[in-house]
Amino acid sequence: MREALAEALKAMVNGEVPVGAVVVSEGCIVGTGFNCPIGNTDPTAHAEIVALRDAARRLGNYRLTGATLYVTVEPCMMCAGALVHARLGALVFGTPEPKAGAVRTAMRALDHPLLNHHVDVVGGVLEEECQRMMQRFFDARRENDRREAMKP
């Protein structure tokens, strides 16, 4: 999760929502990613998707059977679907996402009984650190918005 936090910092430095992800297979990081939908002009460029794409390229296989995705924030519905399609073995996330968390908080998309693949889930890993990063980012954004609103 520390490596995922390092990826999230890259997103923050680029003005993106600070979410980072890494894919681990057989004890090695095989994929990394951070949120970059603004910079890439791509609504699907969430940290999880970027990391899955990186891992698939490196491994030469779109199936990531047995791999684990570590991500700083609970995945959204799109990313949860990608985990199933990649046949990921496990998901480990840091902080819950109260509005769009599709794994445990707002929805439980990975628990649907008709899915052809099930992903093991562990939440709350380094939760406070992951949550603090998100809070710092949005506090700074709100402060910047206040400053802009006060300009003549």
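What follows is a conversation about the pockets and charged residues of this model.

Trainee: Before we start, what kind of model is this, and which pLDDT limits apply?

Mentor: This is a predicted model, in which local features need pLDDT of at least 70 and side-chain atom pairs count only at pLDDT 80 or more, while totals for chains, interfaces and linings use all residues. Residues are numbered from 1 along each chain as its sequence is written, and side-chain values use heavy atoms, with hydrogens and water left out.

Trainee: Okay, how much space lies in the largest pocket?

Mentor: The largest pocket holds about 330 Å³ of space. On a 1 Å grid over the protein atoms alone, a pocket is an open set of points where a 1.4 Å probe fits, with protein on both sides within 12 Å along at least five of seven lines, and lining residues have an atom within 4 Å of a point. Grid points are joined across faces, edges and corners, and the volume is the space filled by probe spheres set on the points.

Trainee: And which residues lie nearest its centre?

Mentor: Of the 17 residues that line the largest pocket, Val17, Val19, Asn35, His46 and Glu97 lie nearest its centre. Helices α2 (37-40) and α5 (127-150) each supply at least two residues of that lining, helices being DSSP runs of H or I with at least four residues, numbered from the N terminus.

Trainee: How does that lining divide by residue type?

Mentor: The lining of the largest pocket has 10 nonpolar, three polar and four charged residues, where Ala, Val, Leu, Ile, Met, Phe, Trp, Tyr, Cys and Pro count as nonpolar, Asp, Glu, Lys and Arg as charged, and the others, Gly among them, as polar.

Trainee: What about the second largest pocket, what volume does that have?

Mentor: The second largest pocket has a volume of about 250 Å³, and its lining residues include Val73, Glu97, Lys99 and Phe138. Helix α5 gives the largest share of that lining, four residues, and the lining as a whole divides into five nonpolar, three polar and two charged residues.

Trainee: Changing topic, is Glu48 buried or exposed?

Mentor: Glu48, in helix α3 (residues 47-59), is buried, yet has no salt bridge, and the nearest side chain of opposite charge, Arg53, is 11 Å away. Buried means under 20% relative accessible area, exposed over 50% and partly exposed in between, with a 1.4 Å probe and protein chains only. A salt bridge is a side-chain nitrogen of Lys or Arg within 4 Å of a carboxyl oxygen of Asp or Glu, and for charge Lys and Arg count as positive and Asp and Glu as negative, with His and the chain ends not counted.

Trainee: So what is Glu48 in contact with?

Mentor: Leaving aside neighbours within four places in sequence, Glu48 has contacts with residues including Ala21, Leu69, Val71 and Cys79, contact meaning heavy atoms within 4.5 Å.

Trainee: How many salt bridges does the whole structure have?

Mentor: A search of the whole structure finds nine salt bridges. One of them joins Glu129 and Arg2 at 2.7 Å, N to O, and this pair links distant parts of the chain, with Glu129 in helix α5 and Arg2 in helix α1 (residues 2-13), 127 residues apart. Glu129 is partly exposed at 28% relative accessibility, whereas Arg2 is exposed at 51%.

Trainee: Which residue does Glu7 pair with?

Mentor: Glu7 forms a salt bridge with Lys10, their closest N and O atoms being 2.9 Å apart, and both residues lie in helix α1, three residues apart. Glu7 counts as buried at 7% relative accessibility, while Lys10 is partly exposed at 40%.
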